[in-house]
Amino acid sequence: MSKDIRVRKGLDLKLKGVADKSIVDAPRSSVYAIKPLDFHAVVPKLVHKEGAKVKAGEAIFYSKYDEPVKFVAPVSGTISEVVRGAKRRILEVRITADAVDEHVDFGKMDPNTADAAAVKTRILEGGCWPFIIQRPYDIVASSEDTPKSIFISVYTTAPLAGDVDFIVSGKKEAFQAGVDALSKLTSGDVHIGVGKDSKLGSIANAVIHKVKGPHPAGNAGVQIHKIDPINFGEKVWVVAAEDVATIGNLFLTGQFHGERTVALAGSEVADADRKYYRTIIGANVSTLVSNVNTNETRIISGDVLTGDKLDNNQFLNFYHNTLTLIPEGNEYALLGWLPFTRNNIPSISGTSLSWMKGGRSKVDTNLNGEERALVVTGEMEEVLPMDIYPMQLIKACMAGDIEKMENLGIYEVAPEDFALVDYINTSKLEAQEVIRLGLDLMITEVG
Amino acid sequence: MKWLRNKLDQARKPFEPGEKYEKFAPAINAFDTFLFTPNHTTQKGAHIRDVSDLKRTMITVVLALIPALIFGMWNSGAQYLYQERGLSSVLDVPFMDAFVEGAILVLPLIIVSYVVGLTIEFIFAIYRGHEVNEGYLVTGLLIPMIFPVDIPLWMLALSVAFAVLIGKEAFGGTGMNILNPALTARAFAFFAYPLYMSGNAIWVHEGSTDAVSGETILGALASGSYDGQISGAASNAVAFSNTTAASETSVLAGIDFYDMFMGFIPGSVAETSALMIIIGAIILIATKVGSWRIILGGLIGGVVMGLIFNFFGGLGEDFVTQLVDSGRITMDQVLNDAGAVAALELGGWDATLLEMGTNQLFNFPFYQHLVVGSILFGIVFMATDPVSAAQTTKGKWIYGILIGFFGLLIRIFNPAYPEGIMLAILLLNVFAPTIDHYVIQGNVNKRKKRLKKAKVQLQTA
């Protein structure tokens, strides 16, 4: 039942600063943080107060509207601070880590012999449920749902992003256990999208799809669209590859090991430091990069297209496996609008000769222009390999026209699928934000 | 360049938020961002961005217009001096003489267009508190390029004001307009001052001397005055048979296909040279700024329509020959007043056939239709305006083909509007959202069909 996927539309951005494929242990962070804002649409209810001692794998908060979904401590230690923002919104739950982790023991379980309910309960209580993302809406899955299929992408195409195939191939046993467990949760199949030379082509209990093509071919959303598109009323789950291994580990060891292999990448990282670091979810960035001048360098948790801007001493996003450092572009460019100049920036526009330039580019955060009304047409379609009209969908989202959004395929997309639209758009539109707001509107109006 | 930046920063100070001239910030920003791409950085979404922005896109269109504009300047001067000096060919005018003369004629048009248009744009930007959009960089140049060189400046100014105010700002500014602003200007002038726009004397500067009337080829074809008034060198002996059989050379004596392709003919400032327009088209297509689908679609539509009319023209021609042979009407009647003859002596389908046979626009070879008048200029520079054109890929094909189709239909069927392409583009501007709607509806239906199928699967599972 294997079906190969060839994606033609899209854009591979060749940027300077790819991480070398070697894995080292990162220094242990003294403080870790779980940020409720990483879990879109989740309203957190704290389990413990400041000062409480927690073990790794012990719940620190749960979802107010889906109580079985627990968010657990990645390390053992003391809840040192609950950082709140406006209207007492919880921004971070900080845990000062013990020198050595003490784990909650849930007991080993063989996902192949256990029944579906037991597997589900284990994933929920073991704190691995937040790894499961639901499409439509790109939010943490509801514990009451059964999806029509589950998707795992082991094909990385985002610029400078950590290569998940490389990360997971060292954890094959745990990955297999994770796939076994997930296959119990769906009425359909577990689909795995792999690259041509993937070492994960022999995973059992899943349908393997060989994927080829430029970014965003590696996005689960694109693979879902090609394999089993989402219709109104249907739900599909997406789990990141390393998180599948973490779920598998929960079954193999009976413990929650929130290990995260982070690729430190970007042109502003010293050559010697550019590699993969084994760390734990919610680690402080200072364990990976020393004090950075944020006026000159942007720290991004995640890849350059979809990541979050961080400051020194902030914490890695729950889901990210990449930490990227690129130059800030807060500089003026004399007559920067002249066609055929600044060809060092990769571009799909014919007004740039970037296609002639070989090698990798150093790109900064300059907007390269100003925000304007949507004028140029046809460019978004070049980078969105889906049978969807991106410009019309964006306009429907801006107008809040729910019926139109539904008809144009809002259920099939996540903001990350529009990251390249952000990049190439002549009008400097914030497409990902528009899509996110559109999805949020759908959540409140349609549910 | 640091000193320039510092000077600009100093000049900007009174326009900063909270300062005295805060309201006028869009004006100073327009100059500032024209000189320097601003230091704005990304805050959300993708942290890096492509180098293309609207300024770059619009400047590329201006670049693509330059060859046609330069040629237009030369041609405007050459056409004038050729009649003024009584030369035998336009090419006999010394290049620099023609260019300088043309520049003197054309530059005031460009200056008026930019000054009037940009003033309105600036006022609206300040009033609405948004940045000055780059769209007018192109519109401002396009407008003088599609006007006759002798248009009074005040008429041009009024047309520009109408186009910017009613054609664009009334809809919310660049990106929101329904009609192509440059064509709106021309349509305004066309309907408000028809004598100046469709008269036969305006297309060449002071085109009323004995040698040249200044009429365009299309105007001549439409009015049936093919007997030599155009080139001056033509004789009255252009017989009907020669006219209708013209395949390799134009119906207009003295002007052949080469002249029409190169653009050595009277017409709007920059619409005459097919060669220069093709160079512009190549720039637009290579830089992906203009849609090749619309351009190719337009050409296909034009060719198909031209062939259809040529076919019917041939039928009519045979009929006329029969009429003349049978002695029912004379060749003189055909040549001098075909419409009246038809009305008096024939009726019904016979009259239609006679009209087809004698309407020179029917018999004008299809490929020559593409190089005279503004059809090529319209398809390349007007139809490809992304705001007023169809936005979907399929829609662009349909839009382009229909423009070519209707352009020739209006041109040939209605001699009052030989420049049918302008009306065709405006018409399709209005229908572009409808075309897109049906294309998108196809996608929506596909999704609905899939949903139905999925439901069946769920039920049977």
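## Where chain B meets chain A

Two bridges join strand E21 (residues 333-334) of chain A to E1(B), and the strands run antiparallel. Two strands pair if DSSP finds at least two bridges between them. In E1(B), B:Phe36 is the bridge partner of A:Leu334. Helices (H or I, at least four residues) and strands (E, at least two) are DSSP runs, numbered from the N terminus.

This is a predicted model: local features need pLDDT of at least 70, side-chain atom pairs count only at pLDDT 80 or more, and totals for chains, interfaces and linings use all residues. Residues are numbered from 1 along each chain as its sequence is written, chains are lettered from A and ligands numbered from 1 in the order in which they are written, and side-chain values use heavy atoms, with hydrogens and water left out.

**The interface.** Chain A gives 77 residues to the contact, and chain B gives 59. Contact means heavy atoms within 4.5 Å. The two chains bury about 6000 Å² between them, 55% of it on carbon and sulfur atoms. Buried area is the accessible area (1.4 Å probe) that two parts lose on being put together, summed over both. In chain B, the residues that lose the most area to chain A are B:His47, B:Ile48 and B:Arg49, together 14% of what that side buries.

**Links across it.** The rule finds eight salt bridges between chain B and chain A. It also finds 42 residue pairs in polar contact, both residues at pLDDT 80 or more. Which elements give two or more residues to the side of chain B that touches chain A? They are H1, H2, E1, H3 and H20 of chain B. H20(B) gives the largest share, 10 residues.

Here are two side-chain pairs.

| Pair | Type | Distance |
|---|---|---|
| A:Arg372 and B:Glu134 | salt bridge (Lys or Arg side-chain nitrogen within 4 Å of an Asp or Glu carboxyl oxygen) | 2.9 Å |
| A:Ser198 and A:Asp165 | polar contact (N or O atoms within 3.5 Å; within protein, one must be able to donate a hydrogen and the other to accept it, and residues adjacent in sequence count only if both atoms are side-chain atoms) | 2.5 Å |

**Inside chain A.** A:Ser198 lies in the loop between strand E13 (190-194) and strand E14 (207-212). A:Ser198 is buried, with a relative accessible area of 17%. Buried means under 20% relative accessible area, exposed over 50%, partly exposed in between (1.4 Å probe, protein chains only). Helix H7 (residues 390-399) of chain A is mostly covered, with seven of its 10 residues buried. Among them are A:Pro390, A:Leu393 and A:Cys397. Just after H7(A), A:Gly400 takes a positive phi of about 70 degrees.
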